[in-house]
Amino acid sequence: MNIEKIINTIKNYDTIIIHRHVRPDPDAYGSQAGLKELIVETFPHKNVKIVGEADPSLEFLAKMEEIDDELYQEALVIVCDTANAARICDQRYNLGKKLIKIDHHPNVDEYGDLMWVDTTSSSTSEMIYDLYLYGKNDGWKLNDEAARLLYAGIVGDTGRFLFPSTSKKTFQHAAELVTYNFDRSSLYDGIYNIQDNIARMRGYILQNFKLLPSGMSTIKLTKDIMEKFNVNPTDTGQLVGVLGDIEGIKAWVFFIEETDLIRVRLRSKGPVINEIAAKYDGGGHPMAAGASVKSWEETENVIKDLQEACLAYDE
């Protein structure tokens, strides 16, 4: 069983470097940093680092660390919550002696010497708690900080337990995690509080989204629009869910103009969208996925594909 092999491999390495995906979300940070806390609490002598480009909106969860290339030479590298190797933040992940992939997305890109992929899990943070439970009888320990991080990852990837991926096991894990000593109120504030410019752009989106009879909706956020509201492309992750409560919408797409590409953020309440994302150098979950295109002309192809998915979807 791969989970047992992963536990044994972690035991055998003194240096462990943990990566996650670019443009991180709470589950990326939570699983990455939560795994570090779990390992350090269990094996205090191990040198465990978390790396990747920092996201200011998530630094309340954990601080990324800067390390030299030399540290990878005898290291075990673990990549959390990342389906595609191209999306691993800090491409030095392949400099290590051994590589492990832990993820809950569909296993499109098979990388690593060991892979543990569980698409039935709500989040990779839920999987890290599974790892702890598996190793508990063998002396693995979970501290308050690990519990805070894993809870944050589960909350973030389940949309506060509203998404269909939330299972009985998800609730059971969450119930156990909240018995640890951390401030849930401040954690929710960190994840969900938004600045006034983000709130104003939400208002713009609600006034300007397009809804077709098929149930498909689109919104285009150009550089000019984002500059008007003083919003960075990296901030748009806080905006993509705003259309989810609107009656009649089956699936929607946000197009976010960046310097050299247009970011595509897809969400759905039924039609499968990760197959669409895969056509445009992306991927993700059946109901939440991302991709990128090179021009506004190419966005019309994405819209066409999403329109067909909505028309074909039988509620």
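These legends accompany close-up views of a predicted model.

**View 1. Strand E4 sits between two parallel partners, E3 and E5.** Strand E4 spans residues 98-103. Five of its six residues are buried, so the rest of the structure largely encloses the strand. Strand E3, residues 76-80, pairs with E4 in the parallel sense. Five bridges make up that pairing. Val77 has Leu99 of E4 as its bridge partner. Strand E5, residues 114-117, also runs parallel to E4. Four bridges join E4 and E5. Ile100 has Leu114 of E5 as its bridge partner. In a regular strand, side chains alternate between the two faces of the sheet.

**View 2. His21 is a buried loop residue.** His21 lies in the loop that connects strand E1 (15-19) to helix H2 (26-42). Its relative accessibility is 4%. That value is under 20%, so His21 counts as buried. The side chain of His21 makes a polar contact with the side chain of Asp81 at 3.1 Å. Leaving aside residues up to four places away in sequence, His21 touches Ala28, Cys80, Asp81, Thr82, Arg87, Ile88 and Cys89.

**View 3. Lys11 and Asp138 form a salt bridge between distant parts of the chain.** The structure holds 14 salt bridges. In the one shown here, the closest N and O atoms of Lys11 and Asp138 are 2.3 Å apart. Lys11 belongs to helix H1, residues 2-11. Asp138 lies in the loop between helix H3 (124-135) and helix H4 (144-158). The two residues are 127 residues apart. Lys11 is partly exposed, with a relative accessible area of 32%.

**View 4. Glu65 and Lys49 meet in a salt bridge.** The N to O distance is 3.8 Å. Glu65 lies in the loop between strand E2 (47-50) and E3, while Lys49 is in strand E2 itself. The pair links parts of the chain that are 16 residues apart. Glu65 counts as partly exposed at 21% relative accessibility. Lys49, at 22%, also counts as partly exposed. Lys36 joins Lys49 and Glu65 in a network of salt bridges.

View 5. Glu126 counts as buried, at 0% relative accessibility. Lys169 counts as partly exposed, at 28%.

**View 6. Helix H5 has its buried residues on one face.** Thr170, His173, Ala174 and Leu177 are buried in H5. Seen down the helix axis, the buried residues of H5 fall within an arc of 100 degrees, so they line one face. An α-helix has 3.6 residues a turn, so residues three or four places apart point the same way. The buried residues of H5 pack against H3 and H4.

How values were computed
Residues numbered from 1 in each chain as written. Predicted model: local features only at pLDDT ≥ 70, side-chain atom pairs only at ≥ 80, totals over all residues. Heavy atoms only, no water. Buried < 20%, exposed > 50% of the residue type's maximum accessible area, 1.4 Å probe, protein only. Pairing = 2+ DSSP bridges. Polar contact = N/O pair within 3.5 Å; in protein donor to acceptor, adjacent residues only side chain to side chain. Contact = heavy atoms within 4.5 Å. Salt bridge = Lys/Arg side-chain N within 4 Å of Asp/Glu carboxyl O. Arc of directions from axis to C-beta.
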